[in-house]
Amino acid sequence: MNAVLIALLVLPLLGAALTLAPVFGADPAAADRRALRFSTVVTGAVLVLTVVLAAGFDHDEPARMQATTDVSWIPAIGVRLHLGVDGVSLPLIVLTSLLTFLCALYSERRLPSGEGVPSARAFAGLFLLLDVGMLATFAVLDLLLFFLAFEIVLIPMYFLIARWGSGAKVPAANRFILYTLLGSAVMLLGFLLVGVRAGTFDMQALAAAHGSGLSHTTQVTAALAIMIGLAVKAPAWPLHSWLPDAHTAAPTVGSVLLAGVLLKMGTYGLVRVLLPVVPDGTTTLAPYLGAFAAVGIVYGSLACLALARRGAKGDLKRLIAYSSVGHMGFVLLGIASLTPVGVNGALFANIAHGLITGLLFFVVGALKDRYGTADLDTLSGATGAALYGRAPRLGALLAFAAVASLGLPGLAGFWGELLAMFGAFDPADGLSRPAFVTYMVLAGLGTLLTAAYLLIVVKRVCMGDPKQPAPVAELADLRPYEAVSWTPLAALTLLAGLWPALLLGLSDPAVKHLLGGG
């Protein structure tokens, strides 16, 4: 199985390199079509390999690192090519492979366009390079390799926004890379401090030591630096301000991967690195992380309510971006509780958010393509956009994703947020229970506000008079390639909601192992 995991990373890397070679023909239009098809084939092969990896995974021992490779890479500084998967990383690798394949499939029929955009071959190459960085982040077990994989995704995503985006795409891309690079630089300082003081960058060895050999001051300093860097990517309030602009300007597939995978890299790092490597420092800083998480939940929901009201000229993509600040706040709150229940809820919410928000961005991107705008006032007109009457399948999918996002029981959005609040209700020893109960109450208020703004969106976009004048003469309903790209996300949202043990059975032993010094 270690060969399968290596192939997962090597295949898209070779595919990205191949897009630089003149192998797609001399005719530009034909070369573009072949390049996009090639991207779909490569990501499809990666998805197949991921299914093989998941099928071969020993589900009886999800806490054990499996499919491992551990060889010396840079002996001078002790960096090793150390790869592996456990019950924490496997679901994220599956989610990444699925979303990249669906985005490649969608882009083959709906490549983002814009003035001065280069060829589709460049798009395919950057897309595959982005895939390498995302998958590697969840597979590497060396701090410096983690940093390298964490950084690989920045350049492809920058160009996807700056070259294939819309609106103020260049300023949004600049802000995205400025924030994330600065956060990564601070995170690297924390990694170096841990590696130098502990004598190794190996994440498994550091987790097994569970902070022994590191003084309390070293742990707090390293935890602060690492937490800041990862919180930028998560994103945690108040380090989130790059996110709404990036989502608003990004092409549809860029928004799907940004919300579905890139945000998860930050929260995954908190679980994989912070909890087991510097436990004392994490315990010291956890109340502050919980406070920022609770404020982020309420802040994100209030921002969405402001954008959803009539006359606010709220952009739907921007609204979903702010909703991500709130939803990821639940993930951060679960992690901050330092309990198995809370951390399991955070990991579950990670996957649920990737599925649901990926579907939301797909649907809203399709609406923007049809109407030429995602402005809520323009879409809804005087009585509502009436998607139920004009494009019933599109309206049904939007409503389904919205109710899943607000946490309706039976759908994936419910369990993660519930478990995160349970974790806050009874936090780990050494944490202030009154403080975390307060955070839980604020999170509960956030769920009510989330339901309010999402129901307003559904009312304004899906309901209304279908006979009122529409911004476009004819609104196409769900197209076949859209149905193929989106149906898996809707089906998995329902499956995870009805069978939460599918994910919790993998993550729970691994989480207890990490919290206990595994």
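Predicted model: local features only at pLDDT ≥ 70, side-chain atom pairs only at ≥ 80, totals over all residues.
Helices H6 and H7 form a packed pair. H6 spans residues 154-164, and H7 spans residues 169-198. Their axes lie 7 Å apart. The packing angle is about 165°. Angles over 145 degrees count as roughly antiparallel, and H6 and H7 are therefore roughly antiparallel to each other. Their crossing is right-handed. On the H6 side, the contact involves Leu154, Ile155, Met157, Tyr158, Ile161, Ala162 and Arg163. These meet Lys169, Val170, Ala172, Ala173, Asn174, Phe176, Ile177, Thr180 and Leu181 of H7. By class, the residues of this contact comprise twelve nonpolar, two polar and two charged.

Thr19 sits in a loop. This loop runs between helix H1 (2-18) and helix H2 (28-56). The relative accessibility of Thr19 is 4%. The cut-off for buried is under 20%, so Thr19 counts as buried. Residues up to four places away in sequence aside, Thr19 touches Phe24, Phe38, Arg121, Ala124 and Gly125.

Gly345 belongs to helix H14, which covers residues 340-371. Its relative accessible area is 0%. Gly345 is therefore buried, as the value is under 20%. Beyond its neighbours within four places in sequence, Gly345 makes contact with Gly416, Leu419 and Ala420. Leu332 is 13 residues from Gly345 along the chain. The C-alpha atoms of Gly345 and Leu332 are 10.0 Å apart.

How values were computed. Residues numbered from 1 in each chain as written. Heavy atoms only, no water. Helix = DSSP H or I, 4+ residues; strand = E, 2+ residues; numbered from the N terminus. Buried < 20%, exposed > 50% of the residue type's maximum accessible area, 1.4 Å probe, protein only. Contact = heavy atoms within 4.5 Å. Axes fitted to C-alpha atoms, helices over the stretch in contact; angles between N-to-C directions. Parallel < 35°, antiparallel > 145°, perpendicular 65-115°, else oblique. Left-handed = near helix turned anticlockwise from the far one by under 90°. Nonpolar A, V, L, I, M, F, W, Y, C, P; charged D, E, K, R; others polar.
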